[in-house]
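Student: I am new to this structure and would like to know what stands behind the terms used for it. Can we go through them one at a time?

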Amino acid sequence: MTRALLVALLTATAAPAGAQEDALAALHAGRYAEAARAARRALRAESADVTAGRVLLQSLLAVGDYADALDEAEERGLGAAVAVWRGDAARALGRLDVAEAAYRTGLTGADSLFARLRLAELAMRRGRPLEALATFDSFIDTYNRAGGRLAPRDLRAVGHALAYLGRQRWELYQDAVRAFAEAARADPADPASEAALGELFVAKAQGSEARTSFEAVLQTNPRHPAARVGMARLLQLAGEPGGSEHVEAALDVNPRYVPALLFRAERALESESFDDAERAVEEALDVDPTRPAALAVSASVAYLRGDSAAFVRRE
């Protein structure tokens, strides 16, 4: 074997791994376009590269390219390996039947815990709370049986399930905090667990803890839409200015990010700027016409404007 051929073979072998690492690093830092390019480069070298496929879909979801993410998931042929992200893309567009089918496929893959979590969330959204709560409750046994051997993403799935249960049971809220914190420690490069922890603290009005989590996320990834909106809600809770700036920063990254659009609508509603509120909530409903929170805000706008017909449609 000649030296030139050996170098070429080594380069070809190393390229996918290098592209994977580049894609993950760019994703975690919020360089989403760069992450998508690196993921596509890795997929050109190896079409069955699951990690690259996941990074590609996550990057597209982060910037609101939901339809493109759905198309990529269907065209890449990675099946259960990317089914949860395919489901997330469909759910973001309000295509709940497609989302549910994708999550059921995901039950057979490495992300089965997240697939189970997403199916429970859909059951809750579709008016089947007993089914949803039973599934969330099953995560307690999953966590206990694992004996500390869950992967960071699986820990995050457990944390989300326990957070639902913790709305009624304080001790399970504390367990959710523990699960998210364990996930963040196990994979500090990925800001997703710290962002989830911050959102949980905001929900429980623990402002100083939420601030610590969101600041940690934004230091790693200043373009993280969920952390930006979370910080906005924290500032609103604390009666501090600056929330709108965080929301606009989130929308600069993802103009179709429904939580940010709803925050904008709610703030406009508070100031009785009904036209602005209606525009923002209609943008949210254009993305996902089934989103309960968006329908609720739309109904509020209609009610405050005295539009009884629109209120009845949205109620």
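Student: What share of the contacts in the protein chain joins residues at least 24 apart?

Tutor: Among contacts between residues at least 6 apart in sequence, the share is 51%. Contact here means heavy atoms within 4.5 Å. This is a predicted model, in which local features need pLDDT of at least 70, side-chain atom pairs count only at pLDDT 80 or more, and totals for chains, interfaces and linings use all residues. Residues are numbered from 1 along each chain as its sequence is written, and side-chain values use heavy atoms, with hydrogens and water left out.

Student: How many helices and strands does the protein chain have?

Tutor: There are 18 helices and 0 strands. Both are DSSP runs numbered from the N terminus: helices are H or I with at least four residues, strands are E with at least two.

Student: What makes the protein chain as compact as a globular protein of that length?

Tutor: The globule rule, 2.2 Å times the number of residues to the power 0.38, is set against the radius of gyration, taken over C-alpha atoms. For 315 residues the rule gives 20 Å, and the radius of gyration is 21 Å, close to that value, so the chain is as compact as a globular protein of that length.

Student: Why are H10 and H11 called roughly antiparallel?

Tutor: Helix H10 (residues 170-186) and helix H11 (residues 192-203) pack at an angle of about 155°, with axes 8 Å apart. Axes are lines fitted to C-alpha atoms, for helices over the stretch in contact, and angles run from 0 to 180 degrees between N-to-C directions. Angles under 35 degrees count as roughly parallel, over 145 as roughly antiparallel, 65 to 115 as roughly perpendicular and the rest as oblique. H10 and H11 are therefore roughly antiparallel.

Student: Which residues make that contact?

Tutor: Among them are Tyr173, Val177 and Phe180 of H10 and Leu197, Leu200 and Phe201 of H11.

Student: Why is Arg153 called buried?

Tutor: Buried means under 20% relative accessible area, exposed over 50%, and partly exposed in between (1.4 Å probe, protein chains only). Arg153 has 18%, so Arg153 is buried. Arg153 lies in helix H9 (residues 152-165). Leaving aside neighbours within four places in sequence, Arg153 is in contact with Val84, Trp85, Asp111 and Phe114.

Student: Does Glu272 count as buried or exposed?

Tutor: Glu272 has 60% relative accessibility, so Glu272 counts as exposed. Glu272 is placed in the loop between helix H15 (258-270) and helix H16 (274-287). Phi of Glu272 is near 60°, a positive value in a residue other than glycine.
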